[in-house]
Amino acid sequence: MKELVARINVAIGEFSTNANLQVENGNKAAGTRARKASLELEKLLKEFRKVSVEAAK
């Protein structure tokens, strides 16, 4: 579970960095990277939800 949380934190950081670059500088490549990071983050959060529910049983 700790590894999963660490992966989520990395994805959040990547998303945040690239989203800010797009917003502040109009960097289209950063926008693409932010969208990719958001998809990875969504996948990781679903995995976290599944693991968390199993651990709560």
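Guide: Happy to! A helix here is a DSSP run of H or I with at least four residues, and helices are numbered from the N terminus. By that definition Lys-46 lies in helix 2. Please keep in mind that this is a predicted model.

Let's begin with the whole chain. The protein chain holds 2 helices and 0 strands. Its radius of gyration is 14 Å, well over the 10 Å that the globule rule gives for 57 residues, so the chain is more spread out than a compact globule. The C-alpha trace tells us about its extent too, spanning about 45 × 15 × 10 Å along the principal axes. Of the 57 residues, 19% count as buried.

Now to the packing itself. Helix 1 covers residues 2-25 and helix 2 covers residues 28-56. Their axes come within 8 Å of each other and cross at roughly 155°. Angles over 145 degrees count as roughly antiparallel, and helix 1 and helix 2 are therefore roughly antiparallel to each other. The crossing of helix 1 past helix 2 is left-handed. As for who takes part, the residues of this contact divide into 16 nonpolar, 4 polar and 6 charged.

Contacts across the chain can be viewed by sequence separation as well. Taking those between residues at least 6 apart in sequence, 54% join residues at least 24 apart.

Lys-46 is partly exposed, and its relative accessible area is 47%. Along the chain Lys-46 is 43 residues from Glu-3, while 15 Å separates their C-alpha atoms.

Ser-52 also has its place in helix 2. With a relative accessible area of 29%, Ser-52 is partly exposed.

Asn-20 is partly exposed, with 39% relative accessible area. Pair Asn-20 with Ala-56 and you get 36 residues of separation in sequence and 36 Å in space, again from C-alpha to C-alpha.

Terms used:
Residues numbered from 1 in each chain as written. Predicted model: local features only at pLDDT ≥ 70, side-chain atom pairs only at ≥ 80, totals over all residues. Heavy atoms only, no water. Axes fitted to C-alpha atoms, helices over the stretch in contact; angles between N-to-C directions. Parallel < 35°, antiparallel > 145°, perpendicular 65-115°, else oblique. Left-handed = near helix turned anticlockwise from the far one by under 90°. Nonpolar A, V, L, I, M, F, W, Y, C, P; charged D, E, K, R; others polar. Rg over C-alpha atoms; globule rule 2.2 N^0.38 Å. Buried < 20%, exposed > 50% of the residue type's maximum accessible area, 1.4 Å probe, protein only. Contact = heavy atoms within 4.5 Å.
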